[in-house]
Amino acid sequence: AVVSTQSGHYGRDDGSLCQYYCHKAAFCFKLPDHVSLDEGALLEPLSVAVHACQRGKLSFGQKVLVCGAGPIGLVNMMVAKAGGAFVTITDISESRLAKAKEMGADAIFHVTSRDSRETAEEIVNLSGYSDLTIECTGVESSIGTGLWATKPGGSYVQVGYGKAEVNFPIVAVGIREIDIYGIFRYANCYPKALALVASGAVNVKSLITHRFPLKDALKAFELTKAGTGVKVIIDCDN
């Protein structure tokens, strides 16, 4: 089986949600026999996490704070754990935090306040300042929390995007010499993501909570829109 790094061209062409799709070979990677198509499909979000952790210069033994326990936050948590980090993850949803704990989070924090600095202080009291913060929500208050919770000289990666402009503590960032990195999806990360899955270092199958046959694709999108589950698989061979 092969997995592709691209699917469609943002409205210029038909999409790839169909039983058969002819793709350029240059955009495809062969899956080992023991890696399923479900796992192959999840290499795309996993590659985002690989890129984020590389940009943030993740190293063994670091404390990593992941802001947001949605699908992208969870894959970042898994990659950081595979890299030997102690990971704290935050969210406003207790059910998402329960899923994160089930998947291996070392510490979870339920966000109940919009006060960034106050929330950061509570996180620091829980698990200490982070060497690396990976922000996956794009929410202004969460961005502030992530920056305040990063240690002096630490790194911060902005993965999630919301408003085009946000307020954040720029003076504190400068004085504490925090390095801020942006990412746009990923670059040349599929082989590394595939290696993580093939070796068993990362279990992406744990992200799958629902599946639908192709004929029920609309139901899959409706369920996702409602915020139910984590990753929803559409089986295009059914």
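Is the crossing of H5 and H6 left-handed or right-handed?

Analyst: The crossing of H5 and H6 is right-handed. A crossing is right-handed if the near helix is turned clockwise from the far one by less than a right angle, and left-handed if anticlockwise. This is a predicted model: local features need pLDDT of at least 70, side-chain atom pairs count only at pLDDT 80 or more, and totals for chains, interfaces and linings use all residues. Residues are numbered from 1 along each chain as its sequence is written, and side-chain values use heavy atoms, without hydrogens and water.

Now the two helices. Helices are DSSP runs of H or I with at least four residues, numbered from the N terminus. H5 covers residues 116-127 and H6 covers residues 140-148. Their axes come within 8 Å and cross at roughly 45°. Axes are lines fitted to C-alpha atoms over the stretch in contact, and angles run from 0 to 180 degrees between N-to-C directions. That angle makes H5 oblique to H6. Angles under 35 degrees count as roughly parallel, over 145 as roughly antiparallel, 65 to 115 as roughly perpendicular and the rest as oblique.

Next, the contact (heavy atoms within 4.5 Å). H5 brings Ser-116, Arg-117, Thr-119, Ala-120 and Ile-123. H6 brings Glu-140, Ser-141, Gly-144, Thr-145 and Trp-148. By class, three residues are nonpolar, five polar and two charged. Here Ala, Val, Leu, Ile, Met, Phe, Trp, Tyr, Cys and Pro count as nonpolar, Asp, Glu, Lys and Arg as charged, and the others, Gly among them, as polar.
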